[in-house]
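Dear colleague,

Please find the structure below, handed over for your records. My findings follow after it.

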Amino acid sequence: MDKNMKHLYETVADTVIAHIEQGVYKPGEKLPGVRKLSQQLHVSISTALEAYRMLEDSGRIQARLRSGYYVSGFRRQAIVEPEVSDAPVTPAKVTGQSLTRQILRAAKDPYQINLGSSVPHADFLPTRALQQATGKVSRTFGKRCFDADELLGNQELRRQIAKRMVELQCADSPDDIVVTHGAREAVRLALMAVCEPGDLIAIESPTFYGLLQVIESCGMEALEIPTHPRDGLSLDALQMAIEQWPIKACLIVSNYNNPLGSCMSDERKQALVALLEKHQIPLVEDDVYGDLGFGLRRPSVCKAWSRNGQVLYCNSFAKTLSPGMRVGWLVPGRYMARVENLKYMKHQAVPTLNQLIVAHMLEQGGYDRYLRHVRQEYARNVALTVNAVSLLFPEGTRVTQPEGGFALWVELPTGVDAMELHRRASLENIIIAPGPLFSATQKKYGNFIRLSCAVPWNDRVEKALKKLGDIARDLLAENR
């Protein structure tokens, strides 16, 4: 056989690529099943499967558990990602969070097209399943639903969470878990357990403004560490910062960080934990997006690599099941006694009914069924939004291409002021999150915005993205 001849599966793969580039299959759209593809192209099932595996390895398509293969749309040559953030590594007080609150209030207006919120639209939530679970729990537990539960959390819910922690290679018992009012309370308890007011916290840059608000409320200072859109926190920059500054804790979102969407590899997570343990610095790990990956494998957590209990693991069901139920949890490791004391002194128990509903969803498999569906929806929306930004925004725009979550970080050409873009967009009933919100001092990322893909894709959203692109062009022209 001629060495230059292609294998048959490569020819099949080329045919599928041609169909994608011709627009037969759009970003986020499902491809024909393996059997159907084999019939269409008159090849064996094994050949069709090998072609799909080759395309998956190249990033052109994505496999989704029990669903099939989808066009990724993430690695088109025309789409360029932002570079690693250029954050000066100097301590800063967290300031200007009142602007964040103003934008969040505006986002509640039902007439606005809300592309700026980090809260999923109601259409992405398992409303019917939650209603059914509420009825079942109410009938089963009766008056207990409205009675006060243990301050540290309902035992059944903690048991269900412990099972999920085992799946993440973390051997935690129900007694190692504290149920909290969402992830923010978990992060606040974690920081208060390991730090004092005035202490310095190393954070990703950019980072979610909700975490900045927690740091501000604790009276602590932030040290922004450069972060890559795919690889996450720069370990080299963190090492240098540790040698220069008295860092008391490190706070990161290791999986599908908001706003970057970065996801640290197993090797980098292990190296991060080793670096921090070497210097006796606790790690507060926020994993609220970890269940929202688009691939077949759920990413690991830093806590799985910890050997001395210095990782305080925080999570929540607010980004998945229900933002309004406010059910999260904290696994504080060696700091359990301090967290328990703080919980008893300053915090209240999570409503019993909410805990029982979540426990029921976990036990009966409703949570995992919902995840299998919503991951596909977010993958589709992310791909469609990335594609729209690449087509509708000014030349030179860069956009992240995350493989989980629902946030996009968009770098606009120099000359486009994100705050002014936000102001003009709001006049058109379009809400976005300007980049300065994601920095401790709000003096960085002046030409960046975050877009949420957790809104139902429709003509209004597409038109809103076109309008954003038009406003950005106007700003660019004005500043030339």
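In what order do the four strands of the open sheet stand, and is the pairing parallel or antiparallel? In this predicted model, the order is 13-14-17-16, and the pairing is antiparallel. The edges are taken by strand 13 (398-399) and strand 16 (433-434); each has a single partner strand, so one side of each is left without a neighbour in the sheet. Strand 13 is joined to strand 14 (residues 407-411) by two bridges in the antiparallel sense, and Val399 is placed opposite Val410 of strand 14. Helix 13 lies across strand 13, strand 14 and strand 17 (448-452), and runs at about 15 degrees to strand 14.

The largest nonpolar core has 116 residues, among which Leu115, Leu451 and Leu468 touch the most other members. Helix 13 (residues 366-392) supplies the largest share of this core, with 10 residues. Since residues come from both domain 2 (92-124 + 374-479) and domain 3 (127-367), the core lies between these two domains. Beyond residues up to four places away in sequence, the contacts of Leu451 include Leu115, Leu468, Thr385 and Val389, as well as Phe406, Val410 and Ile432. There is also a second, separate core of 22 residues, including Ala202, Ile252, Val273 and Ile281. In general, nonpolar side chains tend to be buried together in soluble globular proteins.

Two polar residues deserve a separate note.

Thr320 belongs to the loop between strand 11 (311-316) and strand 12 (328-331). Its relative accessibility is 1%, so Thr320 counts as buried, the cut-off being under 20%. The side chain of Thr320 makes a polar contact with that of Tyr367, at 3.3 Å. Apart from neighbours within four places in sequence, Thr320 also contacts Leu125, Pro126, Leu292, Tyr370 and Leu371. Of these, Leu125 is 195 residues away from Thr320 in sequence, yet the C-alpha atoms of the two are 6.9 Å apart.

Glu185 is located in helix 7 (residues 182-194). With a relative accessible area of 5%, Glu185 is likewise buried. A polar contact of 3.2 Å links the side chain of Glu185 to the side chain of Lys343.

With kind regards

Definitions and conventions. Residues are numbered from 1 along each chain as its sequence is written. This is a predicted model: local features need pLDDT of at least 70, side-chain atom pairs count only at pLDDT 80 or more; totals for chains, interfaces and linings use all residues. Side-chain values use heavy atoms; hydrogens and water are left out. A nonpolar core is a set of buried Ala, Val, Leu, Ile, Met, Phe, Trp, Tyr and Cys residues joined through side-chain atoms within 4.5 Å. Buried means under 20% relative accessible area, exposed over 50%, partly exposed in between (1.4 Å probe, protein chains only). Domain bounds come from an automatic or database domain assignment. Contact means heavy atoms within 4.5 Å. A polar contact is a pair of N or O atoms within 3.5 Å; within protein, one must be able to donate a hydrogen and the other to accept it, and residues adjacent in sequence count only if both atoms are side-chain atoms. Two strands pair if DSSP finds at least two bridges between them. Axes are lines fitted to C-alpha atoms, for helices over the stretch in contact, and angles run from 0 to 180 degrees between N-to-C directions.
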